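Visitor: I would like a close look at a single part of this model. Please take me through it step by step.

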Amino acid sequence: MLNLPILPILICIPLIGLIFILLSSENDDFSIQSKRSALWTSGSNFLLSLYLPYNFDKDIPHFQFVNSFGWFNSDNLKFSLGVDGISMPFIVLSTFLILLCIIFIYPQSKKNMRMYLASFILLESFLIGTFSSIDLFSFYIFFESILIPMYLIIGFWGGERRIYSAYKFFLYTLLGSVLMLIAIIFLYQEYGTTSIPRLFDFSLPFYIQIWLWLAFFASFAVKIPMWPFHTWLPDAHVEAPTEGSVILAGILLKLGGYGFIRFNLSILPDASIFFTPFIYFLSVIAIIYTSLIALVQDDMKKLIAYSSVAHMGFVTLGIFSSNMQGLHGAIIQMVSHGIISGALFFAIGSIYNRYKTKEINFFGGLGNRMSRFSVFFLIFTLGAIGFPGTSGFVGEYLTLMSVFSKSTTVAFLSATGVILAASYMLILYKRVFLGVTNPNIEKKSEKLNIYELVTYSILTIVIFIIGLKPNLLLDYTSSSLNRIIQLYPISIF
Amino acid sequence: MIFIPEIFMSLGFLVILIISVFLKKNSHIIVGYLSLILIFLTQFFVLKDIFLFEEIFNSFFVIDSFGSFLKSIILISAGLVIYFYLIVKNEISLQRPEFLLITLIAIIGMMLMVSSNDLLSLFVSLELQSLALYILVSFSKDDFNSSEAGVKYFVIGSLSTCIFLFGSSLIYGIIGSTNFSEISQFISDQYNLPTLLIIGLIFILVSLSLKISAAPFHMWTPDVYQGAPSIVTAFLSTAPKIAVFAVLIRLLVYPFGEIIIDWGKIIIILSIASMIIGSLGALKQDDLKRLMAYSTINHIGFILMALVPGSEDGITAICIYLIFYLTMNLGVFLFILNMRRDQINVTKIKDLSGLYKTEPVIAGCLAIIFFSMAGIPPLAGFIGKLLVLNIVIDNNLFFLAIIAVVTSVIAAFYYIRLIKSMFFDSPTDELDLLTNPQSKLLMTLLSFFNLTVILYPQFFLNLCASITLSLFALK
């Protein structure tokens, strides 16, 4: 087996590609040269990231592919990279979705295309860095750096209220994460290390855990987002350009869930048990309340944005059930939501590119005009509902099962979210694709271009693969999750 | 021959003064380059003796590596400002050799300040730099704002001087000496310190806070920053701040190091007030120079936090933060100096709008610097903030840390507002294109520095840690 320093390579390739993109000669709205560089960069990075699952040893719960570099003048503060079963799926998901974004952008023209692509490629590097950091400081640095390209993507290429949304996105997430910074520095001062594998070995006193838990919670609850902290998300989603929404829903939200598993659950088990009812409370509210809000939205993107909050409610439920089914459910739900919501945002982007609106009332009977597209959209809709056979089903099923073993009431209440999801998604589908053809869409009826077709086909295949054979993914995560679950007693309530 | 840098600088100043009398055409350009050479040579003398330690002139001054290091930073920033003066187009009233000569006097004053080891020498050198700065602020004498700023600065500065003198007289009255080592001796010998001594120290602290514009003594800063010619503001916001910080550190850590309990709280109050006022005050500003004044206040508050424990690590963090602050501030002011429309200098924030369209490289560099000021990783400003927060949390000052991060989020708002107007707004009236390549190159270098510091933070940590050791050698 080749012993590649794969993680530094994955982080550096986008940075090298970035130079090529920035040096590409044309900077017009349709700059083919920079698109080619971006496609090569993200494509090769995706293929290289497949090296991880291929060479991953499923039985080792610890971090693999570890690379450490000296950094600040302290032995305990290193720049360390590594993956375990929890972070590996997300790295592949990031490279996968970024590649699809670049494919989707390929036929389009946008103002300042070169910078747009550069932002995405930079984002890719930061995302891989965040998921593969096994040192708190390097994690924080990557985690925060994401704000810069994302702020530019929303603010520069967004819709009408883009500036307000970009501010809101930036300041909300910054406020959440600076509290985490204090917690990280505190951990460093108290225990002399910020290395995540070494922090697993400490058992912190309960009263310290409580404060640290809240500080980490502040950061990840904003990011994932949980119910009272979710208000930045609909704004950011609605105003962000299509690809920006895909990355936002597909990967950035997962940073929150990933952070919950990696830090709150693994390092602070006592506090996690203490706060579980609190999390259940917020999650149930998120599921029911945001689903109800999603029912009355007029804007397609906003509807999907609210549904994301509801879906993330299932993720937090699963994570803090802290048993194997729950965590498996949460990870599958995160990956599948990344793919399905990404697919839905791509689809809405396709509609928007043709008709320049996302108003649901504008449409009706689109299925008569774009029959192939309507099939794809139906598959994505069913995935979002959690239809058996799609990846959405596995996540919700496992999560609900684990919650049921803890509390019947919570399981009952959150299961209503599944019904609500079915209603808002199917109503959306009915109003846009079925019924009498709306006179607004009589004229234009462009067929799907080859790039869109490729994007949707790949996404559909992945949705079914995960839905029908979730073990492909779960096998990787089991041993790492086992280590976390050992920290928890069998029953919480 | 130990006091070489200052003596060389003074002699060089006199030589340049004489030369300038005989110059007819373009005298300010020639004097500018001569001053740059002088600063460069002085820098060489400073660095040559950087590891020397000696008290000279009857312990009136002290030469140590802490002082020498900060002197070299002051010289670098002053040299950069003079270089800015040479490469950008200045107003007619500034195109005189006197401008540079007075700047040189201010630099000499700062260098003396940094090595003062006696309240008397400190006072004299403080006045030397202040008087030079008063003149510089009001230099463009046809400009009403500049004169107004000069008067304001002079009045507040004189007040600060009076307060300083009063404080030192109280300390002299009790201890019978103004020398730092004797003050230190007195304090460590005594169990019950007279209250008057603390009051004297408070007076001196107030006076120095006025100089570094720490809230609640910041009132003059926005007006003076806005009114003064931009090149003077660039100078004002860098070199004197570093010099006064050096004085503050030396004074608090060395002679008054034993009574940290008394002055620690004062510094905490100053830093909280500065961070809050610096972040909230800037929200509604529409003038870039005024905004930079509040930004300075905010940064000063952040730096002051690291002084609270009075420890070696804290001083190291301050030195590093000051270096990063210097690069960020000089980058912004280099841009402000180049901001002109139809050959007239403009400084409003809305003049920035659409900069990305006309000057993509400069806008990118400026965005990096603003993100760095906001403390977003992986830029230099973040590392500075990280090191300071590390000190604060190490000393269990959690409330201070939380105030610091919350105010820095508020401050981030106005930095990203600037980035918004550069990138997202459509241009109303385009600025003149940046014509001189040196400005572009310097901006790129400064932002590149901010971008890449994350790769070698240990260099600055080791450097500054070895420098601060000398400060604690006396204890």
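At what angle do helix α17 (residues 371-385) of chain A and helix α20 (residues 450-468) of chain A pack, and how far apart are their axes?

Guide: Keep in mind that this is a predicted model. The two helices pack at an angle of about 30°. Their axes lie 10 Å apart. Angles under 35 degrees count as roughly parallel, so α17(A) and α20(A) are roughly parallel to each other. Their crossing is left-handed.

Now the residues that make the contact. From α17(A) come A:Arg372, A:Phe373, A:Phe376, A:Ile379 and A:Phe380. From α20(A) come A:Leu453, A:Tyr456, A:Ser457, A:Leu459, A:Thr460, A:Ile463 and A:Phe464. By kind, the residues of this contact divide into nine nonpolar, two polar and one charged. The spacing has a simple background. An α-helix has 3.6 residues a turn, so residues three or four places apart point the same way.

For context, turn to chain B. Helix α3 (residues 65-87) of chain B has 23 residues. From first C-alpha to last, α3(B) reaches 32 Å, close to the 33 Å expected at 1.5 Å a residue. Of its 23 residues, 21 are buried, so α3(B) is largely enclosed by the rest of the structure.

One residue of chain B is also worth a stop. B:Val124 sits in helix α5 (residues 119-137) of chain B. B:Val124 is exposed, with a relative accessible area of 53%. B:Val124 and B:Ala106 are 18 residues apart in sequence. In space, the two are 12 Å apart, C-alpha to C-alpha.

Technical notes. Residues numbered from 1 in each chain as written. Chains lettered and ligands numbered in written order. Predicted model: local features only at pLDDT ≥ 70, side-chain atom pairs only at ≥ 80, totals over all residues. Heavy atoms only, no water. Helix = DSSP H or I, 4+ residues; strand = E, 2+ residues; numbered from the N terminus. Expected span 1.5 Å × (residues − 1). Buried < 20%, exposed > 50% of the residue type's maximum accessible area, 1.4 Å probe, protein only. Axes fitted to C-alpha atoms, helices over the stretch in contact; angles between N-to-C directions. Parallel < 35°, antiparallel > 145°, perpendicular 65-115°, else oblique. Left-handed = near helix turned anticlockwise from the far one by under 90°. Contact = heavy atoms within 4.5 Å. Nonpolar A, V, L, I, M, F, W, Y, C, P; charged D, E, K, R; others polar.
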